[in-house]
Structure formats: structure tokens, C-alpha cells
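Hello,

Here is the structure I promised to pass on to you. Have a look, and my notes follow below.

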Amino acid sequence: MITLPGIDPKMIANNLTAFEPTHPGEFLREEIEERGITQTKLANEIGVKVSLLNELINGKRDFTLEYAMMIEAALGIEADFWMNAQTNFNRQRLCRDKSFMAKLADIRKIAAAL
């Protein structure tokens with residue numbers, strides 16, 4: 001978290017979280033649209049069904065390392081980018097899950113008492 005004297009950390013842009021987490025599929029959609037590539041063409045190029053690629057793009061399927069590496073081979077965008085984007089998406093979703101966050105708080109209390 002970035003801090004600046006006299007400024008509420010919640011008011012610093014880099015400390016803000018998105019209203020809704022961004023699934024890496026949204027980045028992929030923008031990338032292929034910018035390049036003028038259809039989902040069908042990319043799916044054929046990387047050897048997956050169009051329906052599978054569409055699920056990735058629409059956030060209905062998580063990026064795996066295999067998908068990330070295939071997309072890297074086709075588009076030249078490193079697999080680490082896709083995997084980091086997926087990890088960030090998953091983390092943001094978990095941080096919004098109140099029951100999971102309560103569970104983490106309980107675990108931290110137990111760990112602190114040890």
C-alpha cells in the first residue's frame with residue numbers, strides 16, 4: 001500500500017481495488033479485437049474449440065498454464081501475464097468473500113496464540 005503524508009491511503013489511485021475484479025479473458029478479448037483476430041481464428045491457431053476460447057474470454061473458465069502458454073505462442077504475450085492476471089482475479093474474488101475472510105481471521109487468531 002502506498003502512503004503519503006496527509007493523504008488518506010484510500011484516496012490514492014494505486015491503492016484502489018476495482019469495483020468488480022477483471023477476469024483475464026477481458027484482456028484477451030481486447031487484445032484480439034485490437035489485432036483484428038476472430039475467436040474462431042485464434043481457437044484454430046491454438047488448437048482448442050471455439051466454445052472453450054469463448055468461455056475463457058467471457059470469464060466462465062479460468063486460465064490454466066496450458067492455455068496461457070498456447071496464447072503466448074500465438075500472440076506473443078507472456079504466459080506469466082495471463083497467470084498473474086488470473087491469480088489477481090482469484091485473489092480479489094476471495095477477498096470479497098466475507099465467510100472466507102472470517103475464516104482467515106480465525107486462522108490468524110489461532111496462529112497468533114501459538
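**Around His23**

The side chain of His23 comes to 2.8 Å from the backbone nitrogen of Gly25. His23 sits in the segment before helix H1 (24-35), helices being DSSP runs of H or I with at least four residues, numbered from the N terminus. His23 is buried, with a relative accessible area of 4% (buried means under 20%, with a 1.4 Å probe and protein chains only). Beyond its neighbours within four places in sequence, His23 is in contact with Leu56, Gly59, Arg61, Asp62, Phe63, Gln86 and Phe89 (contact means heavy atoms within 4.5 Å).

A word on the basis: this is a predicted model, where local features need pLDDT of at least 70 and side-chain atom pairs count only at pLDDT 80 or more, while totals for chains, interfaces and linings use all residues. Residues are numbered from 1 along each chain as its sequence is written, and side-chain values use heavy atoms, leaving out hydrogens and water.

**Helix packing**

Helix H2 (residues 39-46) packs against helix H4 (residues 65-75) at about 110°, with axes 10 Å apart (axes are lines fitted to C-alpha atoms over the stretch in contact, and angles run from 0 to 180 degrees between N-to-C directions). H2 is therefore roughly perpendicular to H4 (65 to 115 degrees). Leu42, Glu45 and Ile46 of H2 meet Met70, Ile71, Ala74 and Leu75 of H4.

H4 also packs with helix H5 (residues 79-95): their axes come within 8 Å and cross at roughly 140°. The contact joins Leu65, Ala68, Met69, Ile71 and Glu72 of H4 to Ala79, Trp82 and Met83 of H5.

Best wishes

Notes:
Helices (H or I, at least four residues) and strands (E, at least two) are DSSP runs, numbered from the N terminus. Angles under 35 degrees count as roughly parallel, over 145 as roughly antiparallel, 65 to 115 as roughly perpendicular and the rest as oblique. Buried means under 20% relative accessible area, exposed over 50%, partly exposed in between (1.4 Å probe, protein chains only). A polar contact is a pair of N or O atoms within 3.5 Å; within protein, one must be able to donate a hydrogen and the other to accept it, and residues adjacent in sequence count only if both atoms are side-chain atoms.
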